[in-house]
Amino acid sequence: GDSDSSMDSKSKCIGFDQIHVRYYDQTLGDNPSTSYGPPLSLDWKYSVGESMRVDDYEKNRGTRRNADELMMTSFDRRFLLTEVCGTTQKELKIAARKGSGMTALPIFQKVKRMVRQKRMVTV
């Protein structure tokens, strides 16, 4: 029989040893949930980065960013797409039009924006 079959299920565990970093190019996206302006996506092209032990990564990674810190303004997306990725103004306009007309902004994003505005006023 299988030697694992006699092991107690509580003693089974999984572990990770290495992290392999990839740096992905960014490109004009097609995400319809972008509230305003052109969407940004990861491209299929990437460069291979460093590899390191998980423990070393966790020691040196810094603090995690919250959801507000991860969001980009439409101005920032436009700048990145035109100046770094080489997207034309015409392509930006077409993508923004497609994105804004495909779906309504989800209600949780509207509520989140209202809460942020209220915080700005009351602080």
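Predicted model: local features only at pLDDT ≥ 70, side-chain atom pairs only at ≥ 80, totals over all residues.
The structure holds one aromatic pair. Its members are Y24 and Y46, with ring centres 5.3 Å apart; the planes meet at 45 degrees, so the pair counts as tilted. Y24 belongs to strand β1 and Y46 to strand β2, so the pair ties together parts that are 22 residues apart in sequence. As for the surface, Y24 is partly exposed, at 34% relative accessible area, and Y46 is also partly exposed, at 37%.

Between those two strands, β1 (18-28) and β2 (40-53), comes a loop, and G37 is found there. Is this glycine buried or exposed? With a relative accessibility of 12%, G37 counts as buried, because buried means under 20%. Setting aside neighbours within four places in sequence, G37 is in contact with S74, R77 and A96. Then there is D76, which sits 39 residues from G37 along the sequence, with 10.0 Å between their C-alpha atoms in space.

Finally, the cysteines. A disulfide is a covalent bond between the sulfur atoms of two cysteines. How many disulfides turn up here? With a pair of cysteine sulfur atoms needing to be within 2.5 Å, the count comes to zero. C13 is exposed, with 75% relative accessible area, while C85 is partly exposed, at 29%.

Key:
Residues numbered from 1 in each chain as written. Heavy atoms only, no water. Helix = DSSP H or I, 4+ residues; strand = E, 2+ residues; numbered from the N terminus. Buried < 20%, exposed > 50% of the residue type's maximum accessible area, 1.4 Å probe, protein only. Contact = heavy atoms within 4.5 Å. Phe/Tyr/Trp six-rings, centres within 6.5 Å; stacked < 30°, edge-to-face > 60°.
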